Amino acid sequence: MASPSILCSLSDDILARIRSKLSSELDRKTWRLVCRDFLRVDSACRTSLRVLRTEFLPGLLQKCRNMESLDLSVCPRINDAMVAILLGRGSVCWTRGLRRLVLSRATGLKSAGLELLTRSCPSLEAVDMSYCCGFGDREASALSCAVGLRELKLDKCLGVTDVGLATIAVGCNKLQRLSLKWCMELTDLGIDLLVKKCSDLKFLDISYLQVTSESLRSIASLQKLEGLAMSGCSLVGDLGLHFLGNGCPSLLVIDVSRCDGVSSSGLISLIRGHSDLQQLNAGYSFPELSKMFFRQLKDMKDLNSIKVDGARVSDFSFQIISANCKCLVEIGLSKCMGVTDLGIMQLVSGCLNLKIVNLTCCCSITDAAISAVADSCRNLLCLKLESCNLITEKSLDQLGSCCLLLEELDLTDCSGVNDRGLEYLSRCSELTCLKLGLCANISDKGLFYIASNCKKLRELDLYRCNSIGNDELAALSSGCKKLEKLNLSYCSEVTDTGMEYISQLKDLSDLELRGLVKITSTGLTAVAAGCMRLAELDLKHCQKIKDSGFWALAYYSRNLRQINLSNCTVSNMGLCMVMGNLTRLQDAKLVHLSNVTVDGFELALRASCIRLKKVKLLASLSSLFSSDLLQTLRERGCQIRWD
């Protein structure tokens, strides 16, 4: 008779303490698969849950009774009926301690289900309803039942009007954080009532609303407001910024990017009243920032982030920032005119704590500027140099020698980057994101150095790197095991052999293979079978893949949520298999499928309409589809984009 396992002698308390030592979700997942006791303890200890498949939801919620956070944003078919089922099964202990609920893109959930849910969760403090395009005033009224709500996201809830916002403001008057981005029906009246009822607001996002300076007059009365985002508020003028400058005494973070109606004088009046600002985003609002604006920065000793993307600047600007903003850790200069080597050298001579620098499309800077950044900013974490064509291997040598903590580097379209430069760069062993798209002078040799030394790499962009072939993918598959996102679009030398190597990247979730004309069904089958976590896949213009490859995709890639099959040779049967079998698929691009008939499209869309949230189709098909199908898609919350 076999002796009992030592695990039998371990109490639940000891097992829980063991579980607490596992830092990553992957480790915890592996742990709970060991045995039933581990699974039971994991369920008892789990406080957060992100569900991908609706059919598992009831069982999971019954086991996880200490739930504090529930994310259903990637779970299809969440509707009123499903909510009624979840809350009607005897004991509903999981709702008692629930504090955070993510229902983003849950387009099937209406007012009845939402009210039932909010009334059943007395401890609810945070709700995310963003991108629920059918969310309107009735749903807002249902949500107002959550009287303890502190945080709410309603981004792109296009049906919400001032009436709906008023019901939320009255019912949820303890709100501290509220995002209303892209809620296009809201006006000054709704914002004014919100401010009067929710005086505890600490963060407010009104980006892209059709509000005027009158809304800022109201917002200025918020005594506790620390952060305000108003990007793209084109009807707001300098008067509105003047109101803010004289109000909001606690303001620390302000975003006035893409506000076409404001000028430097308005921005000056804002920062004069808030010398203790910590973050300022004024990107793409001003063609030129005046010297008076930069002189005003002398009093902003606590400023740690400034973005002036798209503006004309001068060496004088950087001299002022360098001399006064010693706490600066982030600067955004994307597409700024007037950025020179001298200006950057002046900047970094005083701002030694910079960790994030965005120099995208600053075409005049050379190795001298980047060498100065590398030498001065030893704690640099993120550097964006897209389209800086004067950068050469000398810059990468300096970065590899001085910036050993660098995690993210964007070298897209930097024609001066070559294999020798990548060899130098490979000394940055902390790199997690590297973008090399359109770098025509790199080859397998250069990428070999990256693959060999940058073991923590999670994202790699090789878009249109035509010299990259299968050999580099072999090195990647053995050296960069943590890779999650890979772009190989238009790397024309990659074949099925390369796909075999890709299939060894078990953590891969986002893969772009657009325009790989040499890969066939064999290569796709290998990827589908090996990369089981794949959630996003782009196969546009992969015309050698036949139905057998798509059948393999339908069989293996059950986690796929987004797919692009445009300009592929898939048939009616292949498309129906993909759309019907991929039970988590929510977004599909199906343009120019010459081998698919109208009936094939209809069958495929009917097979997936219960979970599909976005689909892109040829405009010529709109008059050929049955009205019944189009109505069904719309009723289920699917957005159809006609190309």
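Buried residues are those with under 20% relative accessible area, exposed residues those with over 50%, and partly exposed residues those in between, using a 1.4 Å probe and protein chains only. By this definition, buried residues make up 52% of the 643 residues in the chain. The structure is a predicted model, in which local features need pLDDT of at least 70 and side-chain atom pairs count only at pLDDT 80 or more, while totals for chains, interfaces and linings use all residues. Residues are numbered from 1 along each chain as its sequence is written, and side-chain values use heavy atoms, with hydrogens and water left out.

The chain contains 26 helices and 24 strands, where helices (H or I, at least four residues) and strands (E, at least two) are DSSP runs numbered from the N terminus. Its radius of gyration is 27 Å, close to the 26 Å that the globule rule gives for 643 residues, so the chain is as compact as a globular protein of that length. The radius is taken over C-alpha atoms, and the globule rule is 2.2 Å times the number of residues to the power 0.38. Along the principal axes, the C-alpha atoms fill a box of roughly 75 × 70 × 65 Å. A contact is defined by heavy atoms within 4.5 Å. Of the contacts in the chain with a separation of 6 or more, 73% are between residues 24 or more positions apart. The chain exposes about 26500 Å², and carbon and sulfur atoms supply 50% of this area; accessible areas come from the Shrake-Rupley method with a 1.4 Å probe, and for residues only the protein chains shown count as cover.

A nonpolar core is a set of buried Ala, Val, Leu, Ile, Met, Phe, Trp, Tyr and Cys residues joined through side-chain atoms within 4.5 Å. The largest such core has 201 residues, of which Ile219 and Met230 touch the most other members. Helix α16 (residues 367–376) supplies the largest share of this core, 5 residues. Leaving out residues up to four places away in sequence, Met230 touches Ile206, Ser207, Leu216, Val236, Leu241, Leu244, Ile254, Asp255, Val256, Ser257 and Cys259.

Leu70 lies in strand β2 (residues 69–71) and counts as buried because its relative accessibility is 2%. Beyond residues up to four places away in sequence, Leu70 touches Leu49, Val51, Leu61, Trp94, Leu98, Arg100, Leu101 and Val102. Leu70 and Thr95 are 25 residues apart in sequence, and their C-alpha atoms are 9.8 Å apart in space.

In helix α14 (residues 315–324), the buried residues include Ser317, Phe318, Ile320, Ile321, Ser322 and Asn324. Their cover includes α13 (291–296), β12 and α15. Ser334 lies in the loop between β12 (330–332) and α15 (341–350) and, at 7% relative accessibility, is buried. Apart from neighbours within four places in sequence, Ser334 is in contact with Tyr284, Asp309, Gly310, Asn358 and Thr360.

Tyr555 is found in helix α23 (residues 547–556) and is exposed, with a relative accessible area of 56%.

A salt bridge places a side-chain nitrogen of Lys or Arg within 4 Å of a carboxyl oxygen of Asp or Glu. By this rule there are 19 salt bridges. One joins Glu214 to Arg217, with the closest N and O atoms 3.1 Å apart. Glu214 and Arg217 are 3 residues apart in helix α10 (residues 213–219), so about one helical turn separates them. Glu214 is partly exposed at 37% relative accessibility, as is Arg217 at 44%.

Asp397 and Arg427 also meet through their side chains in a salt bridge (2.7 Å, N to O). Asp397 lies in helix α17 (residues 393–402) and Arg427 in the loop between α18 (419–425) and β16 (433–435), so the pair ties together parts that are 30 residues apart in sequence. A further salt bridge is formed by the side chains of Glu484 and Arg458 (2.8 Å, N to O). Glu484 lies in the loop between α20 (470–479) and β18 (485–487) and Arg458 in the loop between α19 (444–453) and β17 (459–461), so this pair ties together parts that are 26 residues apart in sequence. Salt bridges that share partners join Glu602, Arg606 and Asp628 into one network.
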